[in-house]
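Please look at the ligand site before reading on.

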Amino acid sequence: MNFELTEEQLMIQQAARSFAQKECLPGVIERDELQQFPKEQILQLADLGFMGVMVPEAYGGAGMDAVSYVLAMEEISKIDASVSVCMSVNNSLVCYGLEAFGTEEQKQNYLVPLARGRKDGHLYIGAFMLSEPEAGSDATSQRTVAEDKGDYYILNGTKNWITNGGTASVYLVIAQTDASKGSKGINVFIVERQWPGVTVAAKENKMGIRGSDTHTVMFTDVKVPKANRIGEDGFGFTFAMRTLAGGRIGIAAQALGIASGAYELSKHYAKTRKAFGTAIMNHQAIAFKLADMHTRIEAARLLCLKAAWEKDHHLDYALSSSMAKLYASETAMWTTVEAVQVHGGYGYVKEYHVERLMRDAKITQIYEGTSEVQRIVISRSILK
Ligand code: CAA
């Protein structure tokens, strides 16, 4: 067993750390307050190759491994989880889905610019559309319908809580094509936002990750060429599950970053803040909190890296990614609540960052499968 990172992985970790400090930290509080999408930061990430980290260079990506992806996601999430969720969805749901299951034509048309994060110089990112008003955890209950008309489909329905919903140029839309076939009657389509019949509703006013761009998107009689269906007829649900297995590594790494960001701020504060005549780190009540944070974060990190390592070695990583996502997101929530406590009154005001990290942590227990859904996946896997 080797816990050492390679030189390349260390370089990527360093690049992500310095990008987060230099480009994401300034203005992070204001972007959160104003719910401002971090467009400049995403364009810079694109130019660093971080919007298509694992996509082969031949398809516009950086050709790096999943371990590097986890390292980069952790560093960026320490500072701004609104930036990292945009990166995660584009990388592990959209680019991975196209790279693993798309045709050559789909890859040339869509994957190449998505992995570069730019087309004709402009921002070009994707969104993944599974959730609906009545289909969140129960993902097979799709109400969005795609009617087969020969060489095209007609798409009708509504998708909710879509990350990158207002900014993405390309949507991967999961829709039902034959209700009688259950999970086998579901397909996935590449839909361009500019096509007639696509309507983007107002941005959601969220508790956390407020800079990220979350919208409801409606489809009314949208004509989708058959060439834009991914995979064989009926592949959509398997596509969603396989893609989400990788997506959960990304969100686990995001949660890990939120937790480590809160821990680093708490450690610094505990060394500098004095109470009862000494730095508060010298009080066991605080020192033990930091010890628990450090231990839980290290356990979460090992789970994330193991899932990524399994992906890099072409092993089945669905169980590991669910365990990583479950544990890292619970760790993020617990750590950030404790971080606010360590900071006392300062923790409750925006300038100290930890209240934002606490709000951001909550979503990691919900999106890309709630903690309850991860427990379904884990228990079914270990008990089968
Ligand atoms: N790989 C391949 N196939 C899989 C699979 C996987 N990982 N998981 C399930 N399947 C297959 C099953 O084998 C089954 O096939 P058969 O019918 O041939 O047996 C079929 O898919 C249906 O599976 P289940 O019977 O297990 O389906 P279920 O209705 O019981 O649901 C579930 C299982 C795990 C709860 C699933 O619905 C699920 O993961 N729900 C959560 C969805 C989710 O993560 N949503 C997040 C939205 S995306 C998002 O948040 C993005 C963002 O913007 C940040």
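1. The shell around the ligand takes at least three residues from each of domain 2 (126–234) and domain 3 (243–383); the bounds come from an automatic or database domain assignment. This is a predicted model, in which local features need pLDDT of at least 70 and side-chain atom pairs count only at pLDDT 80 or more, while totals for chains, interfaces and linings use all residues. Residues are numbered from 1 along each chain as its sequence is written, and side-chain values use heavy atoms, with hydrogens and water left out.

2. The ligand is surrounded by 24 residues, and the closest are Ser 137, Thr 163, Lys 184, Arg 248 and Arg 380.

3. By class, the shell holds 11 nonpolar, 8 polar and 5 charged residues. Ala, Val, Leu, Ile, Met, Phe, Trp, Tyr, Cys and Pro count as nonpolar, Asp, Glu, Lys and Arg as charged, and the others, Gly among them, as polar.

4. Polar contacts are pairs of N or O atoms within 3.5 Å. A polar backbone atom of Ser 137 lies 2.8 Å from a nitrogen atom of the ligand.

5. Taken alone, the ligand exposes 1100 Å², of which the protein buries 69% (Shrake-Rupley method, 1.4 Å probe).

6. Helix H7 (236–272) is one of the elements that give two or more residues to the shell, and H7 gives the most, with 6 residues. Helices are DSSP runs (H or I, at least four residues), numbered from the N terminus.

Key
Near = heavy atom within 4 Å. Polar contact = N/O pair within 3.5 Å; in protein donor to acceptor, adjacent residues only side chain to side chain.
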